[in-house]
Amino acid sequence: QQQTRAQLPAISQKLASMLAQYGLTPTAGTALFQFVYTAQAKVWQQHFAQQGILVRLFSDCSALRFGLPTEDGWLKLEKALESFK
């Protein structure tokens, strides 16, 4: 548990950096989540769902919340980000 807690900030930063690379710059986050405002939140959420990736949609403020991917989920997330039109 101590090792995992020590690694979480770096893993969370990796997620924030990956999202920002594709125009989804987080405005808030924790060691476990990243929160992103985007005018296209609903479209992004649907795109991720089609790729088998679940993100939390906040339709009242047009935002998404991303949890940390599993070890094999990083590549899946990156492919989904790359394929967004």
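The residues that line the largest pocket of this predicted model divide into seven nonpolar, four polar and one charged, where Ala, Val, Leu, Ile, Met, Phe, Trp, Tyr, Cys and Pro count as nonpolar, Asp, Glu, Lys and Arg as charged, and the others, Gly among them, as polar. A pocket here is an open set of points on a 1 Å grid over the protein atoms alone, where a 1.4 Å probe fits, with protein on both sides within 12 Å along at least five of seven lines, and lining residues have an atom within 4 Å of a point. The largest pocket has a volume of about 180 Å³, and its lining includes Gly-52, Phe-66, Pro-69, Lys-76 and Leu-77. Strand 4 (63-67) and helix 3 are the elements that give two or more residues to this lining, and the largest share, three residues, comes from helix 3; helices (H or I, at least four residues) and strands (E, at least two) are DSSP runs, numbered from the N terminus.

Residues are numbered from 1 along each chain as its sequence is written. In this predicted model, local features need pLDDT of at least 70, side-chain atom pairs count only at pLDDT 80 or more, totals for chains, interfaces and linings use all residues, and side-chain values use heavy atoms, with hydrogens and water left out.

| Helix pair | Angle | Axis distance |
|---|---|---|
| Helix 1 (residues 2-21) and helix 3 | about 20 degrees | 11 Å |
| Helix 2 (residues 41-50) and helix 3 (residues 73-82) | roughly 130 degrees | within 10 Å |

Helix 1 and helix 3 are therefore roughly parallel to each other, since angles under 35 degrees count as roughly parallel, over 145 as roughly antiparallel, 65 to 115 as roughly perpendicular and the rest as oblique. In their contact (heavy atoms within 4.5 Å), Ile-11, Lys-14, Leu-15, Met-18 and Leu-19 in helix 1 meet Trp-74, Leu-77, Glu-78 and Leu-81 in helix 3.

Helix 2 and helix 3 are oblique to each other, and their contact is made by Trp-44, His-47 and Phe-48 of helix 2 with Leu-77, Ala-80 and Leu-81 of helix 3.

How values were computed: Axes are lines fitted to C-alpha atoms, for helices over the stretch in contact, and angles run from 0 to 180 degrees between N-to-C directions. Grid points are joined across faces, edges and corners, and a volume is the space filled by probe spheres set on the points.
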